[in-house]
Amino acid sequence: MRWTKSFIPTLKEVPTDAEVPSHQLMLRAGMIRQLMAGAYTYLPLGFRALRKVENIVREEMDRAGALEMLMPALQPLELFERTGRKETFGNVLIKFDITRRDHKVHLALGPTHEEVVTDLMAKHINSYRQLPVTVYQIQTKFRNEERPRFGVLRTSEFIMKDAYSFSSSLEQLNEAYESMYAAYCRIFERCGLEYVPVEAESGPIGGDASHEFMVPAGNGEDSIVRCAGCGYAANLERAETGRKTPPIATSPDAASLTQVSTPNVGSIEQVSKMLKCDPSQMLKTLIYLADGEPIAVLIRGDHEANEGKIRRALDADVLALADPGTIVKVTNAPVGFAGPVGIKCRVIADHDVPLVANAITGANAADAHLTGVNVGRDYELTETFDLRDASGGDPCPRCSGTLDEVHGIEVGHVFKLGTKYSQSLTANFLDEHEQRHPIIMGCYGIGVTRVLAALAETRHDANGLDWPISVAPYEVAVVPLNVTDAEVMTPAEQIYSDLQQAGVDTLLDDRDARPGFKFKDLELIGIPLRIVIGGKGIKEGIAEVKWRTDAEATKVPLNEVAAHVAKLVQDARAKFA
RNA sequence: CGGGACGUGGCGCAGCCUGGUAGCGCGCUUGACUGGGGGUCAAGAGGUCGCAGGUUCAAAUCCUGUCGUCCCGACCA
């Protein structure tokens, strides 16, 4: 492509609305333009990069045996009513009515396609002989994000690859899951992304039912912990900590138990402000109902309770925060004043709780808190549990290392769904004994547009973007320094044409501009390889070849440049194949 | 949905407090010079100051409303 024939509106200055690097750079490089909050146009350069990511995804999905198809973005709202996700999605689901003849048709724009694909399979799968099967599509999704953010990283319309596996047994599901997991690793590697697979929530199947693929990045919206020692990684919700039950003993410095008046002040934040103490000096007492039984859960004031862990510690099936009535019954006080001292229900505590000497807790009396609360004297504990979200600095659960907390961008998610959708949409199969079972499903998503944003976010320097050759909109830029000089243009044209013949994606910067201007633009755009043809080199009979990240160029004889660069490109491609 | 900020040529901004009919840099057009890291000179084009209403002889400027965009938080199969 000749630059002068393309549409590459680069920007020297940073648009005010862009804060994060990926947004600023993709805007400045002329790859995207915003239409409105959460909706972007991909300009020719951005679209080329997007297509390259899509093709990598497509190749690896195909290689894993998944079958590509295309489902409608337009979907009947009824499907979401049948699975209960109309409520689950709530405002995120884009719903609207259209008129056909004399009646209204209720529609939604697909935020994902579990419903549509399950409905499809329900109509066509009858026998275990038809299973397993995995289908996928690459398509635009619609979600009414409450708050679109960070340019292309979080939008209301985005391109996603979504795959769905259908199995007749858990073994088959696990096989499909493993195969997708492996394909994801290949995809992200081929895209040149630094990624971390983390354990995510365990769904209805239990065990390792879900992994998220995260790209560590300062501006990532999710937090994960990982251990540099053993590689353990998980999202905050799911992460275990390596903490153990500490010695449970009353502190030798135990102060006397004192009740203080805290009228209308119930939250940790308010109480700590009023009593001028740090939240870590407080103990929150959360009243839950575990399978209908009230139970008090003690967590240090500055920590977050983790309901999944609490449920597992109690071996409960159903766990929910208790209603105000139960709280009054158990604590003799309205919500906000619960404490372990004298509470009328079972108490369990997080590992960090007994370590807080002279804690501040609710007094189990309206408008009052207790100070100087100490384990062993004022309340009893025999053991403690891991009941809170993990955070940086916690010991690793798998080795003797320490967990680091890092922000990440979620670029992919694999999930063992089980039979949630096949049951609500009656997608059944007959096994070899003529028994009817719901099909066991898995779903696997990759945010294609988000992969691009994550690359921009993590691969750039002061001069601009730095695309891996597998994703770069063009692999090579041919830069004649003086386009009015035939001595320069003739070999430049020849090299450009030879590279195209060799199947290299080449951009010819044929603009009549000064060299510095062109160099800056190319570095901004992030084309991996640059060939410069200028007066100086012509005299020596050479062109200069330089990688985007190299400091120095290599001189290559003019008549060898095309072949030399084609070889460089092939070798570089091989690293991402 | 709570909190904050901002809307002035394509982009970045000043002007607003203290009302008097819009300016700077970049970009763009034309010409000349220039030609290895975002050039120089000259001449130009381009804005109902987000929108609506109000106050006033007069509104980019003051008041009210509204729309939009961004940031922090809540939310995110």
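How much volume does the largest cavity have? The largest cavity has a volume of about 60 Å³, where a cavity is, on a 1 Å grid over the protein atoms alone, a set of points where a 1.4 Å probe fits but cannot get out. This is a predicted model, in which local features need pLDDT of at least 70 and side-chain atom pairs count only at pLDDT 80 or more, while totals for chains, interfaces and linings use all residues. Residues are numbered from 1 along each chain as its sequence is written, chains are lettered from A and ligands numbered from 1 in the order in which they are written, and side-chain values use heavy atoms, with hydrogens and water left out.

**Terms for empty space**

- Rolling a probe the size of a water molecule over the atoms shows where empty space is left.
- A pocket, in contrast to a cavity, is an open set of points with protein on both sides within 12 Å along at least five of seven lines, and lining residues have an atom within 4 Å of a point.
- Grid points are joined across faces, edges and corners, and a volume is the space filled by probe spheres set on the points.

**Cavities**

- Two cavities of 30 Å³ or more are counted by this rule.
- The lining of the largest cavity consists of Ala 477, Leu 522, Glu 523, Ile 527, Leu 529, Arg 530, Lys 546 and Arg 548, and by class it has four nonpolar, no polar and four charged residues (Ala, Val, Leu, Ile, Met, Phe, Trp, Tyr, Cys and Pro count as nonpolar, Asp, Glu, Lys and Arg as charged, and the others, Gly among them, as polar).
- At least two residues of that lining come from each of α13 (515-525) and β28 (529-533), where helices (H or I, at least four residues) and strands (E, at least two) are DSSP runs numbered from the N terminus.
- The second largest cavity holds about 50 Å³ of space, and its lining is made up of Leu 153, Gly 220, Glu 221, Asp 222, Gly 408, Ile 409, Glu 410 and Arg 450.
- Strand β20 (residues 403-418) gives the most to the lining of the second largest cavity, namely three residues, and this lining divides into two nonpolar, two polar and four charged residues.

**Pockets**

- The largest pocket contains about 1300 Å³ of space, and of the 42 residues that line it, Arg 143, Met 160, Glu 212, Glu 410 and His 413 lie nearest its centre.
- β20 provides the largest share of the lining of the largest pocket, with seven residues, and the lining as a whole divides into 18 nonpolar, 10 polar and 14 charged residues.
- Domain 1 (3-73 + 110-240 + 405-456) and domain 2 (74-109) each give at least three residues to the lining of the largest pocket, the domain bounds coming from an automatic or database domain assignment.
- The second largest pocket has about 330 Å³ of space, and among the 20 residues that line it, Gly 266, Thr 285, Leu 286, Gly 336 and Phe 337 are the closest to its centre.
- β14 (283-290) and β18 (359-362) are the elements that give two or more residues to the lining of the second largest pocket, and β14 gives the most, with five residues.

**Cys 277**

- Cys 277 sits in the loop between α7 (268-274) and β14, and Cys 277 counts as buried because its relative accessibility is 18% (buried means under 20% relative accessible area, exposed over 50%, partly exposed in between, with a 1.4 Å probe and protein chains only).
- Leaving aside neighbours within four places in sequence, Cys 277 is in contact (heavy atoms within 4.5 Å) with Ser 272, Met 282 and Ile 360.
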